[in-house]
Amino acid sequence: MTKHKMAPTPAVAKEKKQINLLRGWPNPSLLPIPLISAASQTALSNPDISIPGLLYGPDPGYQPLREEISRWMGRFYSYSGTSGSQEEDPERICITGGASQNLACVLQVFSDPVKTRVWMVAPCYFLACRIFGDAGLRVGAVGEGSEGVDLEGLERRLIESEEEDRGKQLLKQPRPWSKIYRNIIYCVPTFSNPSGKTMTLSCRKKLVQIARKYDALIITDDVYDCLQWPTSPRSSTSSLSKAILPRMVDIDRTLEPAPGSDSFGNTMSNGSFSKIAGPGVRTGWAEATPKFVYGLSQCGSSRSGGAPSQLVATMMAELLRSRELERHIREVLNPAYEKRYGIMMSAIQEHLMPLGVRAGEVNADGKEIFGGYFLWIELPKEVSAEVVADRAKVEENLIVAPGYIFEVENDPSIKFQNSLRLCFSWVEEKNLEDGVKRLATVVRNVKEGVSPAQGEGLGKNGVKGEMGEFR
Ligand SMILES: Cc1ncc(COP(=O)(O)O)c(C=O)c1O
């Protein structure tokens, strides 16, 4: 920080309307309420649907939804590329209570507190840290590197930990339907929360090879894959009804030597309706090999009563059957997020970049396509993101997410002291530019050494204490 100037201390900004660029929720105007209402009417007015919907269901979930999801995934990921086209197979799908709930179930079945280590790609989706902690697992951080994962760093840590854990015995009893992996690698390969980054195809393939070599399960939250738009007028929009890259689970399915029918595989994809229908739906799906999916469906909480979200699953099946959800994504969500992203990027270019702020890479493997909910920005070295977040709250009534909350808990090896995550999905569109302008005012004040206003900021515990709200 430069020396304090004799500039007036900024006022405490209680009278300004709050702008929250931290909260990773969809704006209420983007919720498909009429579509869900119609789907629920259809489901509830037909006893062939409503009766199974209101009773205990099968362990892997409501069968018509498994079928609809596998058809939809087939359409969306049917790129002609190195990993070939996607075949539909409902046996590869298990209905879940969303990505977070399913992560907990996967750990219950496929991890062991003594034997399994977790490697989170950092900056990480911080709310997953507690899910790993609840399962009693040891967690380490691995950087994103330039391609999405620092593969060398990961391999080094895998080798070191293998040495340390040699001879350790399983705490859990082995079960015939499950397998305990020695390692779990957790990442968000496409339009990541928080960095917005997309992992390259070559990195995805190498990561699958590493997972096979070191007995690792790659868990990917593929929850933003459908939300994508071009970042340049030159990019083709015709391809945007399809995924830009295969998921890790698609690569594992086809990369030679492809896993046989008796294999658990090395990948599990977490899909969710939270970002495309609404988080309150609390319904999602897991995709993996049929053997893995069967094992997951044998998780104690699913054996007792069937997969979660049975009633909502009947409604989601209707939404997919009618193709209304795909239309909503194509015609409502993607244009809306494209516009919001454009407003925020232009505001960053106009107000923050002149102060030395850098915004993240937007190209995915040479494709000028971006997606998801978040932009990740780097402040100049001398400007602390924690100080900026705190002062933004006090002086501008602006909430932003400082980089440290995306560090892997209990592994201080990778820090994000100069980074901020900005979310463009939640606030009203008309407030996006103002939010960035307010942020620029604070960054300038910090850079120029203007004394802080006294007031109640976010504070480390303040943010940590309320993280659940922010996603
Ligand atoms: C990467 C990531 N995973 C999981 C979730 C939560 O998903 P769900 O609502 O399906 O539990 C989020 C929500 O922000 C997310 O960003």
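Predicted model: local features only at pLDDT ≥ 70, side-chain atom pairs only at ≥ 80, totals over all residues.

Trainee: How far from the centre of the Y77 ring is the charged end of R247?

Mentor: The cut-off is 6 Å from NZ of Lys or CZ of Arg to the ring centre. R247 sits over the ring of Y77 at 4.0 Å.

Trainee: How is the aromatic pair of F110 and F292 arranged, stacked or tilted?

Mentor: The ring centres are 4.0 Å apart, with 10 degrees between the planes. Planes under 30 degrees apart count as stacked, so the F110 and F292 pair is stacked.

Trainee: How many residues apart in sequence are the parts that this pair ties together?

Mentor: F110 lies in helix 4, residues 99-110. F292 lies in helix 9, residues 290-297. The pair therefore ties together parts whose separation in sequence is 182 residues.

Trainee: Is F292 buried or exposed?

Mentor: Its relative accessibility is 0%. Buried means under 20%, so F292 counts as buried.

Trainee: Which side chain has an N or O atom 2.6 Å from a nitrogen atom of the ligand?

Mentor: N193 has a polar side-chain atom 2.8 Å from a ligand oxygen. S272 has a side-chain N or O atom 2.6 Å from an oxygen atom of the ligand. For the ligand nitrogen, the side chain is that of D221.

Trainee: How much of the ligand's accessible area does the protein cover?

Mentor: On its own, the ligand has 400 Å² of accessible area.

Key
Residues numbered from 1 in each chain as written. Heavy atoms only, no water. Polar contact = N/O pair within 3.5 Å; in protein donor to acceptor, adjacent residues only side chain to side chain. Areas by Shrake-Rupley, 256 points an atom, 1.4 Å probe, with all protein chains shown as cover. Phe/Tyr/Trp six-rings, centres within 6.5 Å; stacked < 30°, edge-to-face > 60°. Helix = DSSP H or I, 4+ residues; strand = E, 2+ residues; numbered from the N terminus. Buried < 20%, exposed > 50% of the residue type's maximum accessible area, 1.4 Å probe, protein only. Lys NZ or Arg CZ within 6 Å of the ring centre and 35° of its normal.
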